[in-house]
Amino acid sequence: MSQVISDELMEYIANLAKLELSEKEKEQAKKDMERMLSYIDKLNELDTEGIEPLSHIFSVNNVFREDVVTNGDDSENILSNAPERKDEAFKVPKTVE
Amino acid sequence: MSKQYETVIGLEIHVELATKTKIFCSCSTEFGGKPNTHTCPVCTGMPGSLPVLNKQVVEYAIAVGLATNCEITQYCKFDRKNYFYPDNPQNYQISQLYLPICRNGGIEIDTPSGKKTIGIREIHMEEDAGKLIHDEWEECSLVDFNRSGVPLIEIVSKPDMRSAEEVIAYVDKLRLIIQYLGASDCKLQEGSMRVDVNLSVRELGSKEFGTRTEMKNLNSYKAIARAIEAEKNRQIELLEEGKEVIQETRRWDDNKETSYSMRSKEDAHDYRYFPEPDLVPIVISDEWIENIRKRQPELREEKLKRYKEQFNIPDYDAKILTSSKKIADIFEATTAICNKPKKVSNWLMGETMRLMKEEGIEAEELSFSPENLAKLIELVEEGAINNSVAKEVFEIIFKEDIDPKKYVEEKGLKIVKDEGLLIKTIKEVIEENPKSVEDYRGGKKKAIGFLVGQTMKKMKGKADPSMINKILKELL
């Protein structure tokens, strides 16, 4: 069974992801998502009654750090990643509240 | 207004935890560093970086949960909350949606009509965002990620409050609990405690909730009270005009005493939460919870009771002394040295609070040491200085934390015990003020006050007023 992604839904998802897609890309993305959803439908055929949802495939718990400062000032390195920089800060388009 | 309305309020409170490092990396949480000096690939969202959870964050969250009567979720996880904003470098915030660490708690508050329990739906752990500074010269914003990744807990109440008074009682109680636990300093002004008010109105007696709004940017108890009053009135007006309340986030402007809609965030409500794959689940054993429970410090209610019993101080004093952990700490430390609880209490409730008000400082900022306050109390008790000198000296202790013994010695402020000198001075005063002497002898007993004052002036304040009184009476 294949699900159909409507144009509205496609528009909405693109908007949430802050993507501007061409008509051709939208059609392609719709097809890709439909394929993904039909794969999920396949999984839904399994009986998962009484099985806890699994979020991690490793049986590892409680990985912690002690509360000790070990990082120093690495701002020059960090700021070298900024697409735009002003003084000691990342520069971004003006945000309004 | 013909109809009667009821205000329904629930709160979301963000509290910055007092850890030394951030929630997922070993960067310092220290406030006020140069922009971006407390950052690393993790807290600036660089691809391939891996968050590792700070154990202390979990311990503080459990401690707050226990102190607010919550159930601890012994298998809990983090989730990703997805949204785009320049202060959020990962384009998601690591938070908890499905299995928050604490659930179903509540605390009791005092209201004019008796005790009332305000329910706590949940407490979850999350990371703070960076700080946006709007550039003064250019059309741009600047991002400082020093705050990005600072640990927060968000405490979500049930919609159990009905007035600004109840809201403030609840916030204040919560603030004290968290301060006493040492989990945060909870400063509203500085944003280490941020209160968002969810408010709706409904006709009195109605079982349904009205449409609510969320109010942000409330930096003081006063702002909270004003914003509640204004938002309640705004919603009632809309309903009275037959209009609808729109569910939205509003920002309070305390200078203008009004709020406005934050429309820019309207399209960002679909957060598409999913389990955080980079962090493994947290399993909290019974032993771990018990260990934290055992280590819980004495909270305010217990302190209040103990102060009355152990130190025999009045309920009124005990309430004021415990209204801030800092003041309670100073009280206990000073009393431990000089063993005069009532005197210590008087200095804290009187001069300390007066100076705090005058200087406009918070209890947390008090910087004088209990040792010096204890020494001052001893100086007064020994009769080495009189009360008015003590008040002057205290002002300097309050501001500069000086050693009062040395100070009094150096400045020669000790009471002059030389009776000969005192008698000589008093005789001069009597000579110079025949009018007052006459008045006194003529039955105006109050006139002696003036003569005591004149003597004190000549002695430059370094005399014992009761001694002057005694000698004056003898001589007149």
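## Basis of the model

Helices (H or I, at least four residues) and strands (E, at least two) are DSSP runs, numbered from the N terminus. By that count, the secondary structure of chain B comes to 15 helices and 17 strands. This is a predicted model, in which local features need pLDDT of at least 70 and side-chain atom pairs count only at pLDDT 80 or more, while totals for chains, interfaces and linings use all residues. Residues are numbered from 1 along each chain as its sequence is written, and chains are lettered from A and ligands numbered from 1 in the order in which they are written.

The predictor's confidence in each residue is given as pLDDT, from 0 to 100. In chain A the average pLDDT is 89, and 96% of the residues score at least 70.

## Overall form of chain B

Chain B has a radius of gyration of 29 Å, well over the 23 Å that the globule rule gives for 476 residues, so chain B is more spread out than a compact globule. The radius is taken over C-alpha atoms, and the globule rule is 2.2 Å times the number of residues to the power 0.38. The C-alpha trace of chain B spans about 90 × 60 × 55 Å along its principal axes.

Of the 476 residues in chain B, 37% are buried. A residue is buried if 20 or more other C-beta atoms lie within 10 Å of its own, exposed if 12 or fewer, and partly exposed in between, with C-beta atoms placed from the backbone. Two residues are in contact if their C-beta atoms, placed from the backbone, lie within 7 Å. Among contacts in chain B between residues at least 6 apart in sequence, 69% join residues at least 24 apart.

## The nine-strand sheet

Chain B has an open sheet of nine strands with mixed pairing, in the order β3-β7-β8-β11-β1-β12-β13-β14-β15. At the edges stand β3 (71–72) and β15 (258–261) of chain B, each with a single partner strand, so one side of each has no neighbour in the sheet. Two strands pair if DSSP finds at least two bridges between them.

Strands β7 (residues 102–111) and β8 (residues 114–127) of chain B pair in the antiparallel sense over nine bridges, and a hairpin joins β7(B) to β8(B) through two residues. B:Cys102 stands opposite B:Ile123 in β8(B). β8(B) also pairs in the antiparallel sense with strand β11 (residues 151–157) of chain B, over seven bridges; here B:Glu122 has B:Val156 in β11(B) as its bridge partner. Further along, strand β12 (residues 193–203) of chain B and β13(B) are antiparallel, with three bridges, and B:Leu199 is the bridge partner of B:Thr213 in β13(B). Helix α1 (residues 55–67) of chain B lies across β3, β7, β8 and β11 of chain B, at about 165° to β8(B).

## The three-strand sheet

Another open sheet of chain B has three strands in the order β6-β5-β16, with antiparallel pairing. Its edges are β6 (92–95) and β16 (274–275) of chain B, each with a single partner strand, so one side of each is left without a neighbour in the sheet. Strand β5 (residues 79–82) of chain B and β6(B) pair over four bridges, and B:Asp79 has B:Ser95 in β6(B) as its bridge partner.

## A pair of helices

The axes of helix α9 (residues 370–381) and helix α10 (residues 387–400) of chain B come within 10 Å and cross at roughly 170°. That makes α9(B) roughly antiparallel to α10(B). Axes are lines fitted to C-alpha atoms, for helices over the stretch in contact, and angles run from 0 to 180 degrees between N-to-C directions. Angles under 35 degrees count as roughly parallel, over 145 as roughly antiparallel, 65 to 115 as roughly perpendicular and the rest as oblique.

Residues of α9(B), including B:Leu373 and B:Leu376, meet residues of α10(B), including B:Val393 and B:Phe394.

## Two positive phi values

Most residues other than glycine have a negative phi. B:Asn217, in the loop between β13 (213–216) and α3 (221–240) of chain B, has a positive phi of about 70°. B:Asn217 is partly exposed, with 18 other C-beta atoms within 10 Å.

B:Asn312 has a positive phi near 55° and is found in the loop between α5 (300–311) and α6 (315–321) of chain B. B:Asn312 counts as exposed, with 9 C-beta neighbours inside 10 Å.

## Where the chains meet

The contact takes 33 residues from chain A and 41 residues from chain B. On the chain A side, β1, α3 (75–79) and β3 (89–93) each supply at least two residues. The largest share of that side, five residues, comes from β3(A).
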